[in-house]
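User: I would like to go through the labels given to parts of this structure and the values behind them. Please set each value against its cut-off before concluding.

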Amino acid sequence: MKALHMVSFVLLIVGGLNWGLVGLFQYNLVESIFGMGSGVTMLVYVLVGLSALYIGLTHMKDCKYCKK
């Protein structure tokens with residue numbers, strides 16, 4: 001499960017940085033690399049979304065600050 005957590009965390013960082021670039025500079029790094037609307041671009045977006053869902057659902061269990 002540690003590998004799944006690490007991959008999800010990295011994808012969450014990638015997604016966050018991409019949205020930061022879009023918000024600040026109107027530059028979408030994912031689309032620049034893989035092409036606008038390509039299958040790979042859509043796959044990256046889906047994986048980032050699933051990673052956010054996974055981290056959100058498992059955060060309380062994994063976070064040393066949020067554990068009760």
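Analyst: In this predicted model, Leu4, His5, Ser8, Phe9, Leu11, Leu12, Gly15 and Asn18 in H1 meet Tyr45, Leu47, Val48, Ser51, Ala52, Tyr54, Ile55 and Asp62 in H3. By class, the residues of this contact comprise ten nonpolar, five polar and one charged.

User: Why is H1 called oblique to H3?

Analyst: The axes of helix H1 (residues 2–25) and helix H3 (residues 39–62) come within 8 Å and cross at roughly 120°. That angle makes H1 oblique to H3, because 65 to 115 degrees would count as roughly perpendicular and over 145 as roughly antiparallel.

User: What makes Asn28 count as buried?

Analyst: Asn28, which is found in the loop between H1 and helix H2 (29–34), has a relative accessibility of 18%, and because buried means under 20%, Asn28 counts as buried. Leaving aside residues up to four places away in sequence, Asn28 touches Asn18, Val22 and Tyr45. A polar atom of the Asn28 side chain also lies 3.1 Å from the backbone nitrogen of Glu31, a distance to be set against the 3.5 Å cut-off for a polar contact.

User: Why is Ile13 called partly exposed?

Analyst: Ile13, found in helix H1, has a relative accessible area of 41%, and because buried means under 20% and exposed over 50%, with partly exposed in between, Ile13 is partly exposed. Ile13 and Ala52 are 39 residues apart in sequence, while their C-alpha atoms are 9.7 Å apart in space.

Technical notes: Residues are numbered from 1 along each chain as its sequence is written. This is a predicted model: local features need pLDDT of at least 70, side-chain atom pairs count only at pLDDT 80 or more; totals for chains, interfaces and linings use all residues. Side-chain values use heavy atoms; hydrogens and water are left out. Axes are lines fitted to C-alpha atoms, for helices over the stretch in contact, and angles run from 0 to 180 degrees between N-to-C directions. Helices (H or I, at least four residues) and strands (E, at least two) are DSSP runs, numbered from the N terminus. Angles under 35 degrees count as roughly parallel, over 145 as roughly antiparallel, 65 to 115 as roughly perpendicular and the rest as oblique. Contact means heavy atoms within 4.5 Å. Ala, Val, Leu, Ile, Met, Phe, Trp, Tyr, Cys and Pro count as nonpolar, Asp, Glu, Lys and Arg as charged, and the others, Gly among them, as polar. Buried means under 20% relative accessible area, exposed over 50%, partly exposed in between (1.4 Å probe, protein chains only). A polar contact is a pair of N or O atoms within 3.5 Å; within protein, one must be able to donate a hydrogen and the other to accept it, and residues adjacent in sequence count only if both atoms are side-chain atoms.
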